[in-house]
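Biologist: Can you walk me through this model? I would like to begin with the ligands and then go on to the strands.
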Amino acid sequence: MPVLDIVGPLTARQPGRPPAASGSAALRKFGARPMPPLEWNAEVERDTAHLYARIQNVVPSVEWPFFAPYVRAINALKKERNAVILAHNYQTPEIYHCVADFVGDSLQHAREATKVKADVIVQAGVHFMAETAKILNPDKTVLIPDVRAGCSLAEAITGEDVRLLRERFPGVPVVTYVNTSAEVKAESDITCTSSNALQVVESLGVDKVIFVPDQYLAKYVASQTKVKIIAWKGSCEVHERFTGDELSLIRSNDPSVQIIAHPECPPDVIAASDFTGSTAHMIDWVRKNRPKRVVLVTECSMADNVAAELPDVEFTRPCNLCPHMKRITLPKILDSLLNMKEEVVVDPAIAEKARRAVERMIYMKS
Ligand code: 13P
Ligand code: SF4
């Protein structure tokens, strides 16, 4: 059924406001390290050859001498700092395949964050993902290599908006997409991700929910459930740019092409697709079905990461870049580990409330 209502911003906001970073508690605790040598030489080439082999069909050999010294330095420093790098599926191949300890979608990241043994977590992703890692690991040091790596969805709603929504719709539970600030999660009953949104909505056993902030994910869930959904007028600036018309054109040129889309896309895009799922579900679909040609209707680096693994599959554009994900680079990851920055700090009272909403999702019975 269609969503019941779409509500817009209820409070004033400052668009583009960067998420706040902390002072230098992590630097005081762990100390800085000197910049390692970063030249390309025979030793670096030999030490990193096994990593280049993973990405050689998507990263030209002329580019590797620029990446390899950073890859080697980061991997050495991770051990010295007892750090792990959690990388989202939208990170570039040299990060995803060569320095990450764990890769996945938002739900997999949240689950992994509950199991980390290392002292330091470096989040190669966007700020809300780093905040989720911190919420689940209040005693660990969580770093994000560029604190400006935000998200248009996380910017779309505030904690005050959620409080006002509750006043407008008393007694209706709030399901919040993880692409939100800790403050918004703290005002929510439960979080969800693109891979479990339907199950989360249905797990509550109610006939109506408030679902924030992605109006398109809300519409996608509403199309599959009898639960009435009150949505919020937020959207992903990357996925909302795709259109059903561009996909129809691709299909008319090659009717055998497989089109798979992320549920943050508008309904006409989803209607023009053969499969819809979270980034991890999209990757699993390609691994399992091995189509000859496929369009991943999502962020561009994901196709590169899967193409590195599956050279027989042809990945056809369109794709759109996420400017926030692309703020994370090898030089910034190295700087992050050398200088313990930027440390992610969440107010303990907010973190405690947000943790309840996130853990309710993680430990939900499926
Ligand atoms: P996933 O949880 O599907 O990886 O989505 C995160 C995201 O930011 C998509 O734009
Ligand atoms: Fe946010 Fe969209 Fe970028 Fe994902 S792709 S981080 S939802 S702006």
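**Ligand shells and strands**

Modeller: Around ligand 1 are N89, D105, S106, N179, T193, S194, C236, H262, E264, S278 and T279; a residue is near a molecule or strand if its C-beta atom, placed from the backbone, lies within 6 Å of it. This is a predicted model, where local features need pLDDT of at least 70, side-chain atom pairs count only at pLDDT 80 or more, and totals for chains, interfaces and linings use all residues. Residues are numbered from 1 along each chain as its sequence is written, while chains are lettered from A and ligands numbered from 1 in the order in which they are written.

Biologist: How do the residues of the shell around ligand 1 divide into nonpolar, polar and charged?

Modeller: One is nonpolar, eight are polar and two are charged. Here Ala, Val, Leu, Ile, Met, Phe, Trp, Tyr, Cys and Pro count as nonpolar, Asp, Glu, Lys and Arg as charged, and the others, Gly among them, as polar.

Biologist: And how many residues surround ligand 2?

Modeller: There are 13, the closest being V126, C151, C236, V238 and C322. By class, the shell around ligand 2 has seven nonpolar, three polar and three charged residues.

Biologist: Which domains does the shell around ligand 2 draw from?

Modeller: At least three residues come from each of domain 1 (5-13 + 157-238 + 354-362) and domain 2 (25-152 + 326-339). Those bounds come from an automatic or database domain assignment.

Biologist: Switching to the whole chain, how many helices and strands does the protein chain have?

Modeller: The protein chain has 16 helices and 13 strands; helices (H or I, at least four residues) and strands (E, at least two) are DSSP runs, numbered from the N terminus. Its radius of gyration is 21 Å, close to the 21 Å that the globule rule gives for 366 residues, so the chain is as compact as a globular protein of that length. That radius is taken over C-alpha atoms, and the rule is 2.2 Å times the number of residues to the power 0.38.

Biologist: What percentage of the 366 residues is buried?

Modeller: Buried residues make up 49%. A residue is buried if 20 or more other C-beta atoms lie within 10 Å of its own, exposed if 12 or fewer, and partly exposed in between, with C-beta atoms placed from the backbone.

Biologist: Why is strand β9 largely enclosed?

Modeller: Four of the five residues of β9 (residues 228-232) are buried, so the rest of the structure largely encloses the strand.

Biologist: What does helix α10 make with β8 and β9?

Modeller: Helix α10 (residues 215-222) makes a right-handed β-α-β unit with them. Right-handed says that, with the strands pointing away from the viewer, the path from the first strand over the helix to the second runs clockwise.

Biologist: Next, β6. Which way do its residues point?

Modeller: In β6 (residues 174-177), V174 and T176 point one way and V175 and Y177 the other, and all are buried. Strand β6 pairs in the parallel sense with β8 over three bridges, where T176 stands opposite V212. Three bridges also join β6 to the parallel strand β7 (residues 190-192), with T176 opposite T191.

Key. Pairing = 2+ DSSP bridges.
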